[in-house]
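Hi everyone, thanks for making the time.

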Amino acid sequence: MASHYRILLPIVSLAVLLGATFYMQPRAMSYFGLNLLFNLAVPIALATIAQMMIIMVNDIDLSLGAFVSLVACITATYLNDAPLLGLLMLVALIVTYAVLGAVIHALALPAIVVTLGMSFVWGGLALFILPSPGGTSPNWLRSLMTIKPPIAPMAVVASIVIAAAAHILIIRSRVGTVLRGVGGNARSVERAGWSVIRLKALAYGLAGLFGVLAGMALVGLATSADANIALRYTLISIAGVILGGGEFVGGKISPVGAVIGALTLTLAASFLNFLRLSPDWQIGAQGTILILVLAARLIFRRKGLEV
Amino acid sequence: MNENEIVPIVALTKAKKHFGAVRALDGISISVGSGDCIGLVGHNGAGKSTLVNLINGGLSPTEGRIEFANGTDPHAAGVRSVFQELSLCPNLTAAENLLVSHKAAAPFGWRKRLGKEVLASLDSIFPGHGVRVDVEIDTLSIAERQMVEIAIGFAPRGSEARLVILDEPTSSLDAGIAQQLLAHIRQFCADGGAVIFISHMLAEVFSVANRIVVLKDGKVVAEKPTAAFSRQGLVDAMGHVTGETEGGADLERKFGPVVVQTNQGLSARQGEIVGLSGLAGHGQAAALARLYLSRSSAWRSGKNPEVVFVAGDRQRDGILPLWSILRNVSISILQQGARWGLVDAKRDASVAEDWKHRIGIRTDDVRNPVLSLSGGNQQKVLFSRALASPAPIVVMDDPMRGVDIGTKQDVYAMLRNEAQKGRTFLWYSTETEEVCQCDRVFVFRDGEISAELTGAEITEERILEASFQMQEAS
């Protein structure tokens, strides 16, 4: 019951925002318009799923933005020039993430500190690889991200695919359920004979995987990279998870909601553009939307408790 | 089957477990075979939880041996445990919780099958339970959660439960449901299973166990068939002398003016101990919570609070798990000693030290983390926290779940003492024995007060009568 409510609010917020956008700019209600609105949502949705994997096990990742930037830099340089080496580097990054998860659990370190430290490592590496903006997207990636599927634009189809894949992985599958259990009560999972350190490594590894996908998708869209290209993803991804009905602790997350949350945040930026709001005010306005939605959720939950 | 009778499911030989200098278990030899139902009793900190953790593989012994029916793996031997502090994942459904401990679930289609499995188990143990298995655990009541946890313990889970360890399984269940559980345990043992039953409710131990093991300070001090124990003998073996409850206490006590009056009919006078009774989950906890919230403010926390609260679900709304014992006690009095918004650390330390002695918290140093204490001692910390505050009204939501008899006697005495000084207590309890300590008792049924009993009227029969009366008609 509670989990059904959890998904309702993100859907309603997206629908309201979408309705308002169409009202302001009816021409957006087309294949091309939708693609334009949601184009940048794909990497954000992937990054949000990555963040969700970490929040699922009661941690938080402050290095995600820098990590996605680093991946983007590698994709625009090594993956394009020497695909095998590039691929190897990306795999190494995912493994590093998994190891980080294991270390954080084994030494009982606060994830917030470790990931904050790692964000400088990722940022430094990105600058090292690409000191000034540049690089080129591999052709196959470019064509994948600009593909024009029938009926719905790429951004919408990709979001649905991402949401479905994450839902099956986290909500329906056996290992996903146990991973959520780690967030809910790690002791009980351990008592049942699971190795929590491996599960945490898995959660972090999955976050690394989705982070890598986010960076690649971003380069596919932007065609080049820059060491600071995705720094804002850290906070956007956290906001997306929470907006999508997730909670910071207790393993309560919703992959579908997280993707919807990412779409809502992307749309909020476009909506404010349509309002002709000066960019100076946009960040504040985005924050206001976020606070409104979260306040609505709190009210819903109070009501839900009393009923 | 034949083999089962020779090889015990689990056998410990001189098992010892030390935590630093603390000898939690000091050489235990015990063996459990099929058909056994062992009652394990002992006061708080006697080593019961450690013993359970050795048997279920959560800890390994410092010295000595532990052997299972087929090798060294407790899971393979069919050993299951149901813990005192509810240990399900609150964000998962009952079926998903079963999956966490299910070793042989197929990757697909498990949701429905496991839902059925846990439901079947619930149906067989608690007929007519009405628990939903498709909702997240944290939306269930504490009794329902306990029922789900027990059901998961007995569920097949791809193999077969051979030995189920139940640690205070009935402490949050009401009498009727507890009886269903006891009946199931008897049936389970008759069918060749084994149970280790840990409870502070001695009547239950006597009614279900065929052998009783008494632990004291990490050692087995007595192990005999149930029939060889008398209730008094058992209590003596545990090392606590329970003075017979002084009948009706002193009726001559004078109470002050009425200090609590709710529109539900609940009232209390100054210096009175008022009990809330009835079957578990009939609105007592909600009545107390309403009272507490109406008398306290979320905005101001003045220097002189009117009400303090002793939580029953100490994991959820009691202890601050990351803090020391000292800080857990002193949180209620930070305001009183604070000057210019700064905490008076010296005074807090002396208060905590004082309560450590007065209520007997078993620790060398109050600066130890609160989680280093056993469950009953954690509860004592919560009592200290409430009683250290100057609030004239103390609200207690079934605070003695899983607390041993000795501690209970200490706390009863302390409550009487504090009441004499003019404090008022509102006390919800699922145990009739505790309710009989009260000056006045309100019995709840279906969220309403169904009877008000005073003095000599407070008897188990009268309370049961008021709890059940119309139950059959509805």
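This is a predicted model: local features need pLDDT of at least 70, side-chain atom pairs count only at pLDDT 80 or more; totals for chains, interfaces and linings use all residues.

Chain B contains 17 helices and 17 strands. It runs to 474 residues, and 47% of them are buried.

Now, where do the two chains meet? On one side, chain A brings 21 residues to the contact, and on the other, chain B brings 18. Within chain A, α1 (2-24) and α10 (174-191) each give at least two residues to the side that touches chain B.

Next, let me take you to one helix in chain A. Helix α3(A) has 16 residues, and from its first C-alpha to its last it reaches 22 Å, close to the 22 Å expected at 1.5 Å a residue. Is α3(A) buried or exposed? Of its 16 residues, 16 are buried, so the rest of the structure largely encloses this helix. Just after α3(A) you'll find N58(A), which has a positive phi of about 70°.

And who is its partner? The axis of α3 (residues 41-56) comes within 8 Å of the axis of α11 (residues 196-222), both in chain A, and the two cross at roughly 170°. That angle is over 145°, the cut-off used here, and α3(A) and α11(A) are therefore roughly antiparallel. On the α3(A) side, the residues that meet α11(A) include V42(A), L46(A) and M53(A); among those on the α11(A) side are A203(A), F210(A) and L218(A). The contact between these helices has 19 nonpolar residues, 1 polar and no charged ones.

Two of those names come back when we look at the largest nonpolar core, which has 169 residues: L46(A) and A203(A), together with F197(B), have the most contacts inside it. The helix that gives the most to this core is α11(A), with 17 residues. Take A203(A) as an example: leaving aside neighbours within four places in sequence, A203(A) is in contact with M53(A), I54(A), M56(A), V57(A), G101(A) and L179(A). Apart from that core lies another one, of 53 residues, including V274(B), I325(B), A352(B) and V395(B).

That's my tour, and I'm happy to go back to any part of it.

Notes:
Residues are numbered from 1 along each chain as its sequence is written. Chains are lettered from A and ligands numbered from 1 in the order in which they are written. Two residues are in contact if their C-beta atoms, placed from the backbone, lie within 7 Å. Helices (H or I, at least four residues) and strands (E, at least two) are DSSP runs, numbered from the N terminus. A residue is buried if 20 or more other C-beta atoms lie within 10 Å of its own, exposed if 12 or fewer, and partly exposed in between; C-beta atoms are placed from the backbone. Axes are lines fitted to C-alpha atoms, for helices over the stretch in contact, and angles run from 0 to 180 degrees between N-to-C directions. Angles under 35 degrees count as roughly parallel, over 145 as roughly antiparallel, 65 to 115 as roughly perpendicular and the rest as oblique. Ala, Val, Leu, Ile, Met, Phe, Trp, Tyr, Cys and Pro count as nonpolar, Asp, Glu, Lys and Arg as charged, and the others, Gly among them, as polar. A nonpolar core is a set of buried Ala, Val, Leu, Ile, Met, Phe, Trp, Tyr and Cys residues joined through C-beta atoms within 7 Å. The expected span of a helix is 1.5 Å times one less than its number of residues.
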